[in-house]
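Dear colleague,

Please find below the structure I promised to hand over. My notes on its pockets follow.

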Amino acid sequence: MTNSDNNTKSPESQENGTTSTKESNTEEKKEAWGFDLYPERRSTFKPTVSNILLGREGKEGIEKIKCEKNVYECVKNSPIVKTMMAALKSSGCPIDIRRHISCEVCDYSVSGGYDPEMNQIVVCQNVCTKKSMVQGVLAHEMIHMFDYCRNELNFKNMEHLACTEIRAANLTHCSFMSAWSQGDASWTKIKQAHQDCVKTKALYSVLAVRQIGKAEAVDIIEKVFPKCYADMEPIGRRMRRNSEDMFRAYRDASYYGYE
């Protein structure tokens, strides 16, 4: 979720002092960079009467308070979130939850996001209604924040974007049950199922924020997959659902200098 200046004109338009409406619309669509999924980022969110009547909108204040409470509890009590915060602090990018985490209304197709221009994590308050969902979003997006802080990630570089999405899916999303729910699992190919789950999750994430074809996105993911899948910093292990992995990662964090 990055953004570009949509007011930049071509040399011809600067010379003529005008920009065609068609060119402006094309440029704006081309450079949306996923911000269209986060209307509060663009100050375009307005509740509609139909959604208010359906109960989907009109409770933004209540949702924000609940979301912020869940964020606070995760920051204080979640082993995986505390591990990520320690890693970010040790890497020179400490998190201030009032500055770096924002609960906002989002498109229902996403549950969260990372805004590198603001260096801020977005938790979708209208989607993440449970603390477990907020924990998952924080852990996932903190991987992106860590990569941006430590690895000088460029979100406009498709290989960089694919790599960080692979890492986030690998470390915080894909378990056997996640793979099963996505249709990637097989009892006889558990290791392959995990890799397929990571690729599928990364593909969905890339396609959600970039206007490229599926085939092109798959090619990019396959190109960077071996290296990015093997990189398990800063957690050091893949999280298995209903396991002690989060607590083990938190206990081991000090050995890697994350305190």
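The largest pocket has 38 lining residues, and those nearest its centre are Gly136, Val137, His140, Thr172 and His173. A pocket here is an open set of points on a 1 Å grid over the protein atoms alone, where a 1.4 Å probe fits, with protein on both sides within 12 Å along at least five of seven lines; lining residues have an atom within 4 Å of a point. This is a predicted model, in which local features need pLDDT of at least 70 and side-chain atom pairs count only at pLDDT 80 or more, while totals for chains, interfaces and linings use all residues. Residues are numbered from 1 along each chain as its sequence is written, and side-chain values use heavy atoms, without hydrogens and water.

The volume of the largest pocket is about 1000 Å³, counted as the space filled by probe spheres set on grid points joined across faces, edges and corners. Helix 7 (131–150) is among the elements that supply at least two lining residues, and helix 7 gives the most, with nine. Helices (H or I, at least four residues) are DSSP runs numbered from the N terminus. By class, this lining holds 16 nonpolar, 16 polar and six charged residues; Ala, Val, Leu, Ile, Met, Phe, Trp, Tyr, Cys and Pro count as nonpolar, Asp, Glu, Lys and Arg as charged, and the others, Gly among them, as polar.

The second largest pocket contains about 290 Å³ of space. Its lining has 14 residues, with Cys163, Arg167, Lys227, Cys228 and Asp231 closest to the centre. Helix 8 gives the most to this lining, with five residues.

Kind regards
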